Amino acid sequence: MDTRKEVSKEAVRAALQALGEGGKEISYRLVYEALGLENDAEQAVVRSRISDMTRHGEVKRTRTGCFTYDFRHRPREAKSYETLWRFVRKAKPGWSISECAMMTRVSYTQALRYCNWLADAGNSDADEGRLAAL
């Protein structure tokens, strides 16, 4: 039986914010303890999430295995999804992915992925548009 829990980026962020208050240095071990992780696979997920945050500037490495959280950094918000959803809901049947990308000023690839995700989730509005694009 698999008893692993899913370690979300939000959970890691919350732990980093709590542990790094006042510019304190944080180690991986502290994060593991705060999240109650003992499994190597879960710890690897945490390291991966922190590595992503480091690439985006949210976390600053101070030395090997240690880092600080930058409270001035604001994580990106997915505003393009709102724009794409608004287009999908309001557009007349028969729209294309190209039209969606052009009207929302989002890349074709992102529009295609989002519309495919909506269609797979069972949204009939996205199905109509995706079928017209294919």
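The following legends describe close-up views of a predicted model.

In this predicted model, local features need pLDDT of at least 70 and side-chain atom pairs count only at pLDDT 80 or more, whereas totals for chains, interfaces and linings use all residues. Residues are numbered from 1 along each chain as its sequence is written, and side-chain values use heavy atoms, with hydrogens and water left out.

**View 1. Packing of helix α1 against helix α2.** Helix α1 (residues 9–19) and helix α2 (residues 28–35) pack at an angle of about 115°, and their axes lie 10 Å apart. Helices (H or I, at least four residues) and strands (E, at least two) are DSSP runs, numbered from the N terminus. Axes are lines fitted to C-alpha atoms, for helices over the stretch in contact, and angles run from 0 to 180 degrees between N-to-C directions. The two helices, α1 and α2, are therefore roughly perpendicular to each other, a term for angles of 65 to 115 degrees. In α1, the residues Ala11, Val12, Ala15, Leu16 and Leu19 meet Leu30, Val31, Ala34 and Leu35 of α2, where contact means heavy atoms within 4.5 Å. By class, this contact of α1 with α2 has 9 nonpolar residues, no polar and no charged ones. Nonpolar covers Ala, Val, Leu, Ile, Met, Phe, Trp, Tyr, Cys and Pro; charged covers Asp, Glu, Lys and Arg; the others, Gly among them, count as polar.

**View 2. The buried face of helix α2.** Tyr28, Val31, Tyr32 and Leu35 are the buried residues of α2; buried means under 20% relative accessible area, exposed over 50%, and partly exposed in between (1.4 Å probe, protein chains only). Seen down the axis of α2, these buried residues fall within an arc of 100°, so they line one face of the helix. The arc is that of the directions from the helix axis to the C-beta atoms. Their cover includes α1, β1 (26–27), α3 (40–55), β2 (59–63) and β3 (66–69). Gly36, with a positive phi near 70°, follows α2.

**View 3. Packing of helix α4 against helix α6.** Helix α4 (residues 79–90) and helix α6 (residues 108–120) pack at an angle of about 65°, with axes 11 Å apart. Ser80, Tyr81, Leu84, Trp85 and Val88 in α4 meet Gln110, Ala111, Tyr114, Cys115 and Leu118 in α6. This contact of α4 with α6 has 8 nonpolar, 2 polar and no charged residues.

**View 4. Arg105 in a loop.** Arg105 lies in the loop between α5 (97–104) and α6. Its phi is near 60°, a positive value in a residue other than glycine. At 81% relative accessibility, Arg105 counts as exposed.

Technical notes
Parallel < 35°, antiparallel > 145°, perpendicular 65-115°, else oblique.
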